[in-house]
Every structure is written in C-alpha cells, then in structure tokens.
Amino acid sequence: MSSNGAGNPDHLAWEATTVRERPALYGVAGQGIPVLFLHGWALGQHAYKRPLKRLVQLGCRVFAPALPGFGGTADLPDEELSLPGYARWVEEFVHAMGVGEPLIVVGHSFGGGVSIQFAHDFPRRVRSLVLVNSIGGATWSTSGSKVRRLAERPLWDWGLHFPSDLLPFPQLTKVLPVVLEDAVPNLVRNPRAMWRVGSMARKADLTAELEDLKRRKLPVVVLWGERDRIIPKESFDALCAAIGSQGEVVSGNHSWLLADPDAFGEVMTNVVSVASVARSLETKAKRRRGLLGLVRMRPRALASMAGARPGDEKTAEEEEAEQAGTS
C-alpha cells in the first residue's frame, strides 16, 4: 500500500509491510545512503515529515517506521515489551526493507533509546548513530555527590513540562497540526501502549550500552535542545560521558527538529558527508579485493570465466612439459 508523496521525490510515501506476520506502517523516500529514523513517544512517522525531507535532500534513502504500538503498527507481545524487544523488531523491519548495508540510525526521544539498543544488539546494521534529545541518560538531577534518577521524577513534574516542550509556542501553528496528526490517533487507538512505553522511557538507563559502543568505536552524535525540560541537561550529560565526547547543544526544546527542520538538516549535513565518504572507501576496497582475487585465480579458472572450455588455456608448466616432450 502507498499513499501521498509518490509524485514528489522529496516527500515520504506511506507504505505498509508485515513484520512477524503483523502489520507495520512506515514512510520511505529518496535515494542514496540508507537512513533509519525512529520517532519519539506519542508521535509517529508523520510528525517528522519536514525534518525527514531535509535528509532526502542530503542524498539519503530514508526509512521511517511507526514503532510497535504507534501509527497503526501492531503492538509488541507483552513478553517482548522492552527496549531489547523493540530493537529486535527494528532488526526485522530493516530485513523486510531489504537493506543490505549499514545504516545511519537517527532516534528522537524514545526512538533514541531504541536506536541505542539496536546499535548495541545489531552492530553490523549500524554505520553511525545520531541521538536527538534521547532517553537513556537516566539522570534527573545532581546536587554535590547526590545523583537523582529520572525514575524518581514525579509524574506531575513530567506533565508540567510536557505540553510546552512538545509544542514550541512561537512555531505552534506549524508544529501543532503535524503533532496532532500522530498524537491524537495514537492516544485514541492505543492508550495502553502510550502509558507502557512512557513508563519504559522514564526508567531507561542505556549508559552501559553506550560505553560498549564507545569501545567498538561506533561514531555517535548526541544532540540536545537547550530548553528541553523533558530530558534534563543532567541526562544529556550522562549520555555524553558514556560515549566519551561532547554533545551538541542546539537552540530549542524537546521537539526542536519539528519546529526548525533546517537546523536539523544543517546538523545532519556533516553526519551524512562523513558516512558517505566511509561508504565510498568501503566500495573501493571491495572492488580492489575483487581485482586481487581475479589476479590470484588459476589461468584455467580465468579462461572458464571468459567462456573458454577447460583445456583451451594451458599453464606455463604444461606448455614447458609439452615442449620438452617434442624436443
């Protein structure tokens, strides 16, 4: 199934597939280096149309699935409802898309947590990782030597900041329609999934997984909006400490990329450029290895590949033996 966007190469086409024999919806557009985008809590693939368009314009083939429980994609079974369970679903989705090379993986908010787990559990699938106001730092606040975890944060405090952080009021007329396009149907269709995933996000601590990615030398970029009150700065700092490098602070709140897709495109330009260079070098190395393999092949094998019958081409040793026999 496909819908709007098919006539414009910049616009995502909305498609349906099956993962684990259950329905999954996703957006896809563009050509070039593959990018997997994983959305945040309460949202879906539709809300990110403008920032994803910037990725297409950078020369990317973008895949943006609605994660299980959102956007019409079937829920995960209860026994799979965990970040590793979401990561396994993402692996099966990527397989269903037929993507045969490593991806740039971008995750926003809850999608950032899924991205970390996916990169950790399926390292061959990921070329680089971009975390946008991601969960997983697990730190709410620090005071001297005392560290308070996000799981300790009262729900009323989350709720106090959630509306203003999800909807940047200066750009409300632009952002509100796309947020409502996903959030309202998600809430009506599957309120249980909204609650369960929200609880999972509050408790997620992925610093150990990020430390492991650091040891593997996976390129990781961490972005955070300076006015984000859903993911506090202490949590962002914990993510940066785990990967052993500074993140990048941008202007905006938790959903800054919805309000300012151009800023998102600017940040992603360098990520895509570096990944494209690495991809080009890998392609050249594979060709070089292929040529070396041909050079090392036996003459008869080369003759066979060229269409000659076995025996039409003789080795130097065989020619010398024939000459010795006739002399």
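**Exercises on burial and helix packing**

Arg61 has a relative accessible area of 28% and is therefore partly exposed, a class lying between buried (under 20%) and exposed (over 50%), with a 1.4 Å probe and protein chains only. The model is predicted: local features need pLDDT of at least 70, side-chain atom pairs count only at pLDDT 80 or more, and totals for chains, interfaces and linings use all residues. Residues are numbered from 1 along each chain as its sequence is written, and side-chain values use heavy atoms, leaving out hydrogens and water.

**Exercise 1.** Place Arg61 in the secondary structure and identify its contacts.

*Solution.* Step 1: Arg61 lies in strand β4 (residues 60-65); strands (E, at least two residues) and helices (H or I, at least four) are DSSP runs, numbered from the N terminus. Step 2: setting aside residues up to four places away in sequence, Arg61 touches Val28, Ala29, Gly30, Gln31, Gly32, Ile33, Pro34 and Val35, a contact being heavy atoms within 4.5 Å. Step 3: the C-alpha atoms of Arg61 and Ile33 are 5.8 Å apart, although 28 residues separate the two in sequence.

**Exercise 2.** Determine which residues of helix α1 are buried, and describe Gly59.

*Solution.* Step 1: in α1 (residues 49-57), the buried residues are Pro51, Leu52, Arg54, Leu55 and Val56. Step 2: just after α1, Gly59 adopts a positive phi of about 95°.

**Exercise 3.** Classify the packing of α2 against α3.

*Solution.* Step 1: the axes of α2 (residues 83-97) and α3 come within 8 Å and cross at roughly 75°; axes are lines fitted to C-alpha atoms over the stretch in contact, and angles run from 0 to 180 degrees between N-to-C directions. Step 2: α2 and α3 are therefore roughly perpendicular, given the classes roughly parallel (under 35 degrees), roughly antiparallel (over 145), roughly perpendicular (65 to 115) and oblique (the rest). Step 3: the α2 side of the contact includes Leu83, Tyr86 and Val90, and the α3 side includes Phe110, Val114 and Phe118. Step 4: the contact residues divide into 9 nonpolar, 2 polar and 2 charged; Ala, Val, Leu, Ile, Met, Phe, Trp, Tyr, Cys and Pro count as nonpolar, Asp, Glu, Lys and Arg as charged, and the others, Gly among them, as polar.

**Exercise 4.** Classify the packing of α3 against α7.

*Solution.* Step 1: the axes of α3 (residues 110-121) and α7 (residues 207-215) come within 10 Å and cross at roughly 45°. Step 2: α3 is therefore oblique to α7. Step 3: Ile116, Gln117, Ala119 and His120 in α3 meet Glu209, Leu210, Asp212 and Leu213 in α7. Step 4: these residues comprise 4 nonpolar, 2 polar and 2 charged.
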